[in-house]
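Dear colleague,

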Amino acid sequence: MKNYYQKEIETASREDIIRIQEEKLIKQVRHVYDRVPYYRNMMEEKGVEPGDIRGLEDIHRMPFLCKDDLREAYPYGLLGTDLKNCVRIQSTSGTTGKRVIAFYTQKDVDLWEECCARAIVAAGGSDEDVCHVAYGYGLFTGGAGLNGGAHKVGCLTLPMSSGNTDRQIRFMMDMGSTILCCTPSYAAYLGETMAEQQILPEDNKLKAGIFGAEPWTEEMRQSIEKSLGIKAYDIYGLTETSGPGVAFECEEQNGMHINEDHFYAEIVDPDTGEVLPEGSRGELVLTSLDKEAFPLLRYRTRDICILSREECTCGRTHVKMTKPMGRSDDMLIIRGVNVFPSQIEAVLLKEGYSPNYQMEIDRKNNTDTFDVYVEMSELQMSDRISDIQKREKEIEASMRAMLGIGPKIHLVPLKSIARSEGKAVRVVDKRKLHD
Ligand code: DLL
């Protein structure tokens, strides 16, 4: 039996989805023009009036919005309603600049939680489940979003937040958690720690995991599924568009359905901004169609992916996005070569290493240095030095074949790379510190 949280809309015909999107878009453009001076100015600069947007094919006439605009408008410049109508804020971690603050009305919170509820049901969740939420609570959207979604589904919700791994495991075993929500790197760490505590995958009651907020590979999915004895589903979103739940994976585990009744998705060339035809790889641009407090039109996510409208066996009709293949702005250029951290991870997992790694890039004598620290398994640690060195060379060769550039590999003892309870720190780019 197929399970949907909102069957009618999740399986609506293409024509119905387009009609809904057009109606909402026309309303939303008028809303931001009337309510948000920042938007009105941008539209006037581009010579566009609300009446010019009569359907989806006109959306390209609207200006793009990017993270810098959000920073410039900080904190209230993009508010689409009076502050007294807002009931919540959430925020980005702000590690790469000024924080982005997202505002929500009660309706915004409800719609956001519904999107998360769709993801939970798509992962097999129901009111019979115990949903263990180990995303961070607080300003980060992961905890609040999945918590709200789990309530809507009627799950017994465990608001664990991140951290205190021993306590997480104890609650998971004692309360019989069946669905785990956290970052994929923390899921891998939980699996690793449970194995150390001699807890076998079949000892826990988990059946599914809903993992997102950072890039992860198919190889990592397989390794988490094995260590926890579950099915692992991807979920995508960003603070600017409410949080998790813009898109989620279904039983096919092959791409994430974008909630098209709430978000209109485009793929553009990250350099020129030109809209690319369906099936092209490019930057995802999202328009929130019905957010009241923080409505974003044509927001440049910087996430690189491909959209696909191939029929899905789950019956959902909403367009699918691939896993983000990196970001157009976190792509590293090392000795002139473009490197995505996900490529490093793919090689390591393929070669049988753990996903615990850290890349370190520096510049010495005007040349980039590129080191990758990789943790060994317990078994590998007892190997002779010469064997370890041989393996370092083998990984270097595989990386060179994949990237066209060979980093220096350092196999390091298990647990020597700091674990993260939230998003893993994969890249330490020391070049920036010198500028
Ligand atoms: O990470 C929201 C979220 C929470 C998503 C929990 C999923 C689960 P931000 O902190 O604003 O919001 O970071 C957003 O994280 O632009 C992507 O680059 C990255 N990201 C989010 N989900 C995925 C994913 C949350 N499933 C940024 N795969 C986004 C790869 C992801 N990257």
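**The ligand and its surroundings**

An N or O atom in the side chain of Thr239 is 2.6 Å from an oxygen atom of the ligand, and this is a polar contact, meaning a pair of N or O atoms within 3.5 Å. Please keep in mind that this is a predicted model, in which local features need pLDDT of at least 70 and side-chain atom pairs count only at pLDDT 80 or more, while totals for chains, interfaces and linings use all residues. Residues are numbered from 1 along each chain as its sequence is written, and side-chain values use heavy atoms, with hydrogens and water left out.

Asp303 also has a polar side-chain atom 2.6 Å from an oxygen atom of the ligand, whereas Ala213 places a backbone N or O atom 3.1 Å from a nitrogen atom of the ligand. Altogether 21 residues surround the ligand (each with a heavy atom within 4 Å of it), and the closest are Asp234, Ile235, Thr239, Asp303 and Arg327.

**A sheet and its helices**

Helices (H or I, at least four residues) and strands (E, at least two) are DSSP runs, numbered from the N terminus. Four strands form an open sheet in the order β18-β17-β16-β19, with mixed pairing, where two strands pair if DSSP finds at least two bridges between them. β18 (408-412) and β19 (427-429) stand at the edges with a single partner strand each, so one side of each is left without a neighbour in the sheet. Strand β16 (residues 357-364) pairs with β19 in the parallel sense over three bridges, and Glu360 stands opposite Val428 in β19.

Helix α10 (residues 341-350) lies across β16, β17 (367-375) and β19, and runs at about 130° to β16; such angles run from 0 to 180 degrees between N-to-C directions, with axes fitted to C-alpha atoms, for helices over the stretch in contact. Contact itself means heavy atoms within 4.5 Å. Helix α12 (residues 385-403) packs on the sheet as well, touching β17 and β18, and its direction makes about 135° with that of β18.

**Two loops**

Which bond joins Tyr74 and Pro75? A cis peptide bond joins them, with omega about -5°, and Pro75 lies in the loop between α4 (67-72) and β1 (86-91). Gln198, in the loop between α8 and β6 (208-212), has a phi near 60°, which is a positive value in a residue other than glycine.

How values were computed. Polar contact = N/O pair within 3.5 Å; in protein donor to acceptor, adjacent residues only side chain to side chain.
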